[in-house]
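Here is a short briefing on one protein model. Look over the sequence and the fold, then read the points below.

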Amino acid sequence: IAVYVLDAKTGEPKLLQHIPTQGVEARTISVAPGNQWFIVGNQKGGQVQRGTATEAEKANIAVFRIKPDGTLAFHRKYDMPEPGRSLMWVEALQL
């Protein structure tokens, strides 16, 4: 995920942060009502490289807190219960 801020005068974007999506293929994103949570739907599972190790990653929903400066902090992820299952859509709704 790349987080940018826009200059109020020029409209030019400035990179604030790069942060991993915590998954293999990020398909959808959503900002929860209240603008405190950023949610990523990682569609597919697969093999990921972490340092020198290769690990299996399931499709998942990853949740990040939106900090006051606009950057993201990883909070937690919710894996799909079965390997090989995909996740098609994620949306945050106010109920």
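Strands (E, at least two residues) and helices (H or I, at least four) are DSSP runs, numbered from the N terminus. This is a predicted model: local features need pLDDT of at least 70, side-chain atom pairs count only at pLDDT 80 or more, and totals for chains, interfaces and linings use all residues. Residues are numbered from 1 along each chain as its sequence is written, and side-chain values use heavy atoms, with hydrogens and water left out.

**Confidence**
- pLDDT is the predictor's confidence in each residue, from 0 to 100.
- The chain has a mean pLDDT of 89, with 96% of its residues at 70 or more.
- Confidence is highest in strand 2 (residues 13-18), at a mean of 97, and lowest in strand 5 (residues 46-50), at 81.

**Loop residues with positive phi**
- Glutamine 22 lies in the loop between strand 2 and strand 3 (26-31). Its phi is near 70°, a positive value in a residue other than glycine.
- Glutamine 22 is partly exposed, at 21% relative accessible area (buried is under 20%, exposed over 50%, partly exposed in between; 1.4 Å probe, protein chains only).
- Asparagine 35 sits in the loop between strand 3 and strand 4 (37-42). Its phi is positive too, about 60°, and it is not a glycine.
- Asparagine 35 counts as exposed, at 55% relative accessibility.

- Four strands form an open sheet in the order 3-4-7-8, with antiparallel pairing (two strands pair if DSSP finds at least two bridges between them).
- Strand 3 and strand 8 (72-79) are the edges; each has a single partner strand, so one side of each lacks a neighbour in the sheet.
- Strand 7 (residues 60-66) pairs with strand 8 over 7 bridges, in the antiparallel sense.
- Arginine 65 has alanine 73 in strand 8 as its bridge partner.
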